[in-house]
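Visitor: I'm new to this one, and I'd like a close look at a single part of it. Could you show me the sheet and then walk me around it?

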Amino acid sequence: MADPMRIRAQAAGDKTTVRVLMSHEMETGQRKDSAGKPVPAWFIQEVTAAHNGKPVMSAQWGPSVAKNPFLQFVLKGAKAGDKVTIIWTDNRGDKRSDEATVS
């Protein structure tokens with residue numbers, strides 16, 4: 001798997017826009033391979049975000065989310081230099097995290 005995430009957090013006034021591009025295959029479990037066997041489901045189940053270590057967002061995802069998902073949300077109260085951490089866990093138990101500094 002390539003880099004698990006690319007995060008950008010940009011402040012504008014009292015609001016910060018956080019953009020996250022996650023690298024993940026996101027298989028639904030309904031597709032079949034060339035031999036006709038089902039491709040096992042493999043998808044991100046949970047995504048969480050923290051601002052300077054304090055949880056600010058949590059999302060539960062399922063197999064219908066597209067490959068290499070993009071997530072964007074607005075955070076109030078962050079300022080330049082603060083840290084935003086994103087963590088995702090997939091249905092196989094793989095866990096990835098990354099951090100960005102608000103600019």
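Visitor: How many bridges join strand 2 to strand 5, and in which direction do the two run?

Guide: A quick word before we start: this is a predicted model, where local features need pLDDT of at least 70 and side-chain atom pairs count only at pLDDT 80 or more, while totals for chains, interfaces and linings use all residues. Residues are numbered from 1 along each chain as its sequence is written, and side-chain values use heavy atoms, with hydrogens and water left out.

Now, your question. Seven bridges join strand 2, residues 15-22, to strand 5, and the two run antiparallel. Strands here are DSSP runs of E with at least two residues, numbered from the N terminus, and two of them pair if DSSP finds at least two bridges between them.

Strands 1 and 2 make a hairpin with two residues between them, and G13 in the turn has a positive phi of about 70 degrees.

Put together, that's an open sheet of three strands in the order 1-2-5. Strand 1 (5-12) and strand 5 (70-76) stand at the edges with a single partner strand each, so one side of each has no neighbour in the sheet. From one strand to the next the twist averages 15 degrees, with axes being lines fitted to C-alpha atoms and angles running from 0 to 180 degrees between N-to-C directions.

What about the loops that lead in and out of the sheet? K67 forms a salt bridge with E25, their closest N and O atoms being 3.5 Å apart; the term means a side-chain nitrogen of Lys or Arg within 4 Å of a carboxyl oxygen of Asp or Glu. This pair links distant parts of the chain, 42 residues apart: K67 sits in the loop between strand 4 (54-60) and strand 5, and E25 in the loop between strand 2 and strand 3 (44-51). K67 counts as partly exposed at 47% relative accessibility, and so does E25 at 38%. Partly exposed lies between buried, under 20% relative accessible area, and exposed, over 50% (1.4 Å probe, protein chains only).

Methods. Helix = DSSP H or I, 4+ residues; strand = E, 2+ residues; numbered from the N terminus.
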